[in-house]
Amino acid sequence: MHVSREKPTLIDVRQGRLERPAPQDWKPGAHHSRFTVVGDLTMKGAVFYATKYGSTAEYAEWIGAETGLPVFDVRSDGVDPETYDFLILATPVIYYKLLITDWVQRNLTKLDGKPIVMVTVSGAPPGPKLDAWVGDSLPADFIANAEHVALRGRQVPAELSWFDRAMLIIAAWKNPDPVASDEELNGFDYMDKDSIAPVVALANALKGRTAVKETEAAT
Ligand SMILES: Cc1cc2nc3c(=O)[nH]c(=O)nc-3n(C[C@H](O)[C@H](O)[C@H](O)COP(=O)(O)O)c2cc1C
C-alpha cells in the first residue's frame, strides 16, 4: 500500500532513506523512486539560539561566521523556522533544563522531519548527567532525530542576577561534586572557538545535501 503524506517532508540523507541515483545527479522536478526533487537542490540552514548571559550567543555567532549560515535569537528575532530545511539549535543548560525548550515545544510541528543539530552549552562536561537533562527537556522522538554536540560555556558570578547568584551559592553548598561545586560558586570559562568544529562539519555536510520532498511512503 502507498500512503500519501499531506505535508512534504525533508528527508535526511543521513538516515540512508534516499535511493539511487545519487542525489547530486537529481534534477529539479524529477521523480526518483518515491521522492520528488524540490526546485532548490541544496538545503538551506540557519542557526537559532537561546542565551541568558551571552556565551551561547557567542558560540552561535562563531558557528554562523564559519558556516555562512544566518543566526537568529529565538527570543527577539521572531524568525519562522519553517523557512529553513535544517537547523542548528544552540542552547545553554540553566537549572538542569535546556533554555530553548519552550521554543522547541511551540515549534515541534514545524521542526518535524527537518535535520537538527542540537548544540548544548553547559558547565557540566558531556556525559550521562548532561544527557539526562537533555532527555528531561525535550521529547524522545525529537532527541532521537537530532545530532547532539555538547560545548562548555562560561559563568561569571559578578554578571549574574542576584537571584541566580543566590541559587548557585545554594547549589554549590549542596553539590557533592567538588569540581562542580567550585564552578557554581566561583564561576568558570570554558569558551573555546575550536570546539565548534563538529558543528561546522555537520552543518557543511547538511548544506551539500539535496532538498527533496517525499511524495509517497513505501510500506
Ligand atoms: C543560573 C544558572 C544556572 C545554571 N545551571 C546549569 C546546570 O543546571 N547545568 C550545567 O551544566 N550548567 C549550568 N549553568 C552553566 C551554564 O550552562 C553556562 O554558564 C552557560 O555558558 C550559560 O550560557 P549563556 O551565557 O548563553 O546564558 C548554569 C548557569 C547559570 C547562570
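Tyr96 lies in the loop between strand 6 and strand 7. Helices here are DSSP runs of H or I with at least four residues, strands are runs of E with at least two, and both are numbered from the N terminus. The model is predicted, so local features need pLDDT of at least 70 and side-chain atom pairs count only at pLDDT 80 or more, while totals for chains, interfaces and linings use all residues. Residue numbers start from 1 along each chain as its sequence is written.

Phi of Tyr96 is near 65°, which is a positive value in a residue other than glycine. Tyr95 is found in the loop between strand 6 and strand 7 (97–98), and has a positive phi of about 50° although it is not a glycine. Most residues other than glycine have a negative phi.

How many C-beta neighbours does Tyr96 have inside 10 Å? Tyr96 has 14, and therefore counts as partly exposed. Tyr95 has 10 such neighbours inside 10 Å and so counts as exposed. The terms are set by counting other C-beta atoms, placed from the backbone, within 10 Å of a residue's own: 20 or more makes a residue buried, 12 or fewer makes it exposed, and a count in between makes it partly exposed.

**The protein overall**

The protein has 8 helices and 13 strands. Of its 219 residues, 32% are buried. Among contacts between residues at least 6 apart in sequence, 78% join residues at least 24 apart. Two residues are in contact if their C-beta atoms, placed from the backbone, lie within 7 Å.

**The ligand shell**

There are 22 residues around the ligand, and Lys52, Ser55, Thr56, Pro92 and Gly153 come nearest. A residue is near a molecule if its C-beta atom, placed from the backbone, lies within 6 Å of it. Which elements each supply at least two residues of this shell? They are helix 1 (55–67), strand 6 (86–94), strand 8 (116–122), strand 10 (154–155) and helix 6 (162–174). By class, the shell has 11 nonpolar, 8 polar and 3 charged residues. Ala, Val, Leu, Ile, Met, Phe, Trp, Tyr, Cys and Pro count as nonpolar, Asp, Glu, Lys and Arg as charged, and the others, Gly among them, as polar.

**Two helix pairs**

Two packed helices are described by the angle between their axes and the distance between the axes. The axes are lines fitted to C-alpha atoms, for helices over the stretch in contact, and the angles run from 0 to 180 degrees between N-to-C directions.

Helix 1 packs against helix 8 (residues 197–207) at an angle of about 45°, and their axes are 10 Å apart. That makes helix 1 oblique to helix 8. Angles under 35 degrees count as roughly parallel, over 145 as roughly antiparallel, 65 to 115 as roughly perpendicular and the rest as oblique. The crossing of helix 1 and helix 8 is right-handed. A crossing is right-handed if the near helix is turned clockwise from the far one by less than a right angle, and left-handed if anticlockwise. Ile63, Glu66 and Thr67 of helix 1 make the contact with Val199, Val200, Ala203 and Asn204 of helix 8. The residues of this contact are 4 nonpolar, 2 polar and 1 charged.

Helix 6 and helix 7 (residues 178–186) have axes that come within 8 Å and cross at roughly 160°. The two helices are therefore roughly antiparallel to each other. Their crossing is left-handed. On helix 6 the contact is made by Leu168, Ile169, Ala171 and Ala172, and on helix 7 by Ser181, Glu184 and Leu185. By class, the contact of helix 6 with helix 7 has 5 nonpolar, 1 polar and 1 charged residues.

**Three further residues**

| Pair | Apart in sequence | C-alpha to C-alpha |
|---|---|---|
| Pro115 and Leu87 | 28 residues | 6.6 Å |
| Pro70 and Ala60 | 10 residues | 9.5 Å |
| Phe142 and Asp112 | 30 residues | 7.8 Å |

Pro115 sits in the loop between helix 3 (108–111) and strand 8. Is Pro115 buried or exposed? Pro115 counts as buried because 25 C-beta neighbours lie inside 10 Å.

Pro70 is in the loop between helix 1 and strand 5 (71–73). With 15 C-beta neighbours inside 10 Å, Pro70 counts as partly exposed. Not counting residues up to four places away in sequence, Pro70 touches Ala46 and Gly64.

Phe142 belongs to helix 5 (residues 140–145). Phe142 has 17 C-beta neighbours inside 10 Å and so counts as partly exposed. Leaving aside neighbours within four places in sequence, Phe142 is in contact with Val104 and Leu108.
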